[in-house]
Amino acid sequence: MTDEQRVILERINSYAENVLGEIDPQKVQVSVQLDKLRPVMEEIAAEKGMSLEDMFILYMDIQSEASCSTNEKLRESLQDVNAGMDGASPLLFR
């Protein structure tokens, strides 16, 4: 992920914290979530000279990349914890 993409992701996620609040992303359709993010995405798209559709795609790509990175860091940290458990039942990660 580039520095520019990281800034875009942080900006959208910051906006999402204010707009989406305590919404459960597992229970609310992605289309509804994206619709609530539309204003900030339109703003960024205009600044970057992109279409809104391209901004949606970019956001989904960089959000997925960030999620995968977070999951990998969690997996690595659990391996470190499991290594020190001396035969106790390991923590599982799926």
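The side chains of E47 and R11 form a salt bridge, with an N to O distance of 2.7 Å; a salt bridge is defined here as a side-chain nitrogen of Lys or Arg within 4 Å of a carboxyl oxygen of Asp or Glu. This pair links distant parts of the chain, as E47 lies in helix 2 and R11 in helix 1, 36 residues apart. Helices (H or I, at least four residues) are DSSP runs, numbered from the N terminus. Through shared partners, salt bridges join R11, E43 and E47 into one network. The model is predicted: local features need pLDDT of at least 70, and side-chain atom pairs count only at pLDDT 80 or more, while totals for chains, interfaces and linings use all residues. Residues are numbered from 1 along each chain as its sequence is written, and side-chain values use heavy atoms, with hydrogens and water left out.

The side chains of R11 and E43 also meet in a salt bridge (2.4 Å, N to O). R11 lies in helix 1 and E43 in helix 2, so this pair ties together parts that are 32 residues apart in sequence. R11 is partly exposed, with a relative accessible area of 28%, and E43 is partly exposed at 44%. Buried means under 20% relative accessible area, exposed over 50%, and partly exposed in between (1.4 Å probe, protein chains only).

A further salt bridge is formed by E4 and K48, whose closest N and O atoms are 2.9 Å apart. E4 is in helix 1 and K48 in helix 2, 44 residues apart. Both residues count as partly exposed, E4 at 45% relative accessibility and K48 at 40%. The whole structure contains six salt bridges.

The largest nonpolar core has 18 residues. Such a core is a set of buried Ala, Val, Leu, Ile, Met, Phe, Trp, Tyr and Cys residues joined through side-chain atoms within 4.5 Å. Those with the most contacts inside this core are I8, I12, L37, M41, I44, M55 and Y59. Helix 1 (3-20), helix 2 (30-48) and helix 3 (52-83) each give two or more residues to the core, and the largest share, seven residues, comes from helix 3. Leaving aside residues up to four places away in sequence, I8 touches I44, K48, M55, L58 and I62, where contact means heavy atoms within 4.5 Å. In soluble globular proteins, nonpolar side chains tend to be buried together.
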